[in-house]
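Trainee: I have just opened this entry and would like a guided tour. Could we go through it step by step?

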Amino acid sequence: MTIIRGDDLTTSVADALQFISYYHPIDFVDAVHEAYKREESQAAKDSMAQILINSKMCAEGKRPLCQDTGIVTVFLKVGMNVQWDTDLSVSELVNEGVRKAYLLPDNVLRASILSDPAGARKNTKDNTPAVIHMEIVPGDKLEVHVAAKGGGSENKSKLAMLNPSDSIVEWVKKTVPTMGAGWCPPGMLGIGIGGTAEKAMVMAKESLMEPIDIHELKTRGPQNRLEELRLEIFEAVNNLGIGAQGLGGLTTVLDVKIMDYPTHAASLPVAMIPNCAATRHAHFMLDGSGPADLVPPSLDDWPDIAWEVGDSVRRVNLNEIKPEDVKSWKPGETILLNGKMLTGRDAAHKKMVEMLKNGEKLPVDLAGRFIYYVGPVDPVRDEAVGPAGPTTSTRMDKFTHTMLAETGLLGMIGKAERGPTAIEAIKEFGAVYLMAVGGAAYLVSKAIQKAEVVAFPELGMEAIYEFDVVDMPVTVAVDSQGTSVHITGPAEWKAKIEAQILEIK
C-alpha cells in the first residue's frame, strides 16, 4: 500500500504546468527542426524558424510559449493500492495545483476558462477547473499526464460516426483541409477509433500525450494495422501541401497518434484532435516519496536558428499609413510593423458591433487603424506585455464587414486564414489582413514596447489595448484585392507534391 499526500499531487501538478508553459518537449523541438531542414517552401520555413527561436527564448526566459496558456487536461491512473493523506477530493487537489500554477507571480499564466459557457461566460480568474480523467488500475502508484491545450487547436477537433465499411484515411484526408490553419501546424494529430463517441474523443486526446516517434516507425516498419494506419495518414496529410501555418509546404503534421477500443458492429466512431505548435504535456509518477521531480532540458538541446527578414522586407509606420498605401502590398510579402496598433478579440468585437447597432460612439477611433486579434499574458518584471501571439482570425469573420464599413478600419492582424465572408469584405473596402505566426508569442512580444488598456478593461485579457511596436514581423495573408495566401499557397504545394510523387512512380 502506498500513501500519497494530497499536497504532493497539488505541488506536482502546479510544477508540471509551469514546466510545460515554457519547455517544449524535446522530441517536438527535434521534429520541427528536422522539418525545418527539409522544408522547400520559404514561407513555411520562416514560420518554423520563428517557432524554434520562440521556443528557445521561452526556455531561457521561463515565459509562456503561447499567450493561450490553455485549458488544462489531466489523465490520472490511480493504483488500486493507493491511499490518500488528505481531506480533499482528487479533483480538488488537481484544481488547487492549476490555481497555484496560473497565479505564480514569477510567471503568471493567462486565465482563459469561463464559467457559465452558454450564458454570462465569466472568467474564473485562475484557469480552473481542469478537465480530469481518472482510471483505477492495478498497482501502488499514481501515474499522471498533464497537458495545456490552446483553444485554437481544440476548436478544430472532429468526430465522425463512420459506416464500418468507410475508409478512415479518406475521412482524414477530406477533413483536415476543413480545419484550416487555426490549429497552428506543424503539430500532431491524435486519433481515437472505436468505442462510443465520447470514448473516441477521450482516446484521441490521450494519444497526444505520447512522444513523437513516427520516423523511428518508418525506419523499422509497421508491425500491426494501427501502425500501418499511422503511416498512411501521416503521408496522406503531408501530401495535402497545407504546410506550416497553412502557408503551403512539405510538413503539415509531425506525427499521427492512434488509440483504439472495441466498438459496436454497426459503428465506427473516429475522433481527431490536433496538437498545435505550442505542444505542451508532461508525464510523472507519484509513489508516496514526495512530489514529482521534473528535470529541465538543456538549452543545448535547441538548434541555433537565425531568422533573417532579408533586404526586400517592407517597413511600415502605422502612425502615418494611408488607405492607398496598402494597395501595393503583395500576398506573401513580409512586413515589419512600427507604431501604434489596437487590439481586440471576440468579446471586444461583439461589444463594438452592438454599440454601432445601437448608434453609440465607440470608445476608440478605428479609422485608418490596424487591429490585432490578441489576448496577451500579463507582464512580469520589466515587460511591456507578456507573450502576445495572435488568436484564430476566423472567429472575427462575422464582424469584419461591419467593422470595415462603419469604422474605417484599415487592417487586421491575426492567425491563420480568413473565410469567404471576411475576404469579400476586405476586397470590397480595400483593406488588408496580415498574419503573425501562431506559436511565436514570446518572440512577438519583444516587438511591443508599450501596452496600455484603452477600452473595455472589464474584459480582462480581451480588453482593447494600444500597443506601440517596433519591427513586428507579419505576412500579407489577404491583400486589398482579396487574394489569400492560405488558398494559393497550399494549392501550389499540393500540386508540387503530387508532381513529385508521379515523377517518382
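Mentor: Let us begin with Arg121, which lies in the loop between strand S4 (114-115) and S5; helices (H or I, at least four residues) and strands (E, at least two) are DSSP runs, numbered from the N terminus. This is a predicted model, in which local features need pLDDT of at least 70 and side-chain atom pairs count only at pLDDT 80 or more, while totals for chains, interfaces and linings use all residues. Residues are numbered from 1 along each chain as its sequence is written, and side-chain values use heavy atoms, with hydrogens and water left out.

Trainee: What is the phi of Arg121?

Mentor: Arg121 is not a glycine, yet its phi is positive, about 50°. Most residues other than glycine have a negative phi, and most peptide bonds are trans. At 48% relative accessibility, Arg121 is partly exposed; buried means under 20% relative accessible area, exposed over 50%, and partly exposed in between, with a 1.4 Å probe and protein chains only.

Trainee: And Lys125, where does it lie?

Mentor: Lys125 is in the loop between S5 and S6. Its phi is near 75°, again a positive value in a residue other than glycine. Lys125 is exposed, with a relative accessible area of 59%.

Trainee: You mentioned H6. Where does Glu170 lie?

Mentor: Glu170 is in helix H6, residues 168-175, and is partly exposed, at a relative accessible area of 44%. Glu170 and Ala236 are 66 residues apart along the chain, and their C-alpha atoms are separated by 8.7 Å.

Trainee: Changing topic: how many disulfides does a search of the whole structure find?

Mentor: The search finds 0, where a disulfide is a pair of cysteine sulfur atoms within 2.5 Å. The closest cysteine sulfur to that of Cys58 is in Cys66, 9.3 Å away, which is too far for a bond. Cys184 is in no disulfide either, as the sulfur of Cys276, the nearest one, is 5.7 Å away.

Trainee: Are Cys58 and Cys184 buried or exposed?

Mentor: Cys58 is buried, with a relative accessible area of 0%. Cys184 is buried too, at 4%.

Trainee: What about the largest nonpolar core?

Mentor: That core has 62 residues, and Leu9, Leu17 and Phe284 have the most contacts inside it. A nonpolar core is a set of buried Ala, Val, Leu, Ile, Met, Phe, Trp, Tyr and Cys residues joined through side-chain atoms within 4.5 Å. Not counting residues up to four places away in sequence, Leu17 touches Val72, Gly97, Val98, Ala101, Tyr102, Leu109 and Val146; contact means heavy atoms within 4.5 Å. Apart from this core lies another, of 29 residues, including Leu366 and Tyr373.

Trainee: Which residue has its charged end over the ring of Tyr261?

Mentor: That is Lys199, at 4.6 Å from the ring centre. A charge sits over a ring if NZ of Lys or CZ of Arg is within 6 Å of the ring centre and within 35 degrees of the ring normal. Lys496 likewise lies over the face of Trp493, 4.1 Å from the ring centre.
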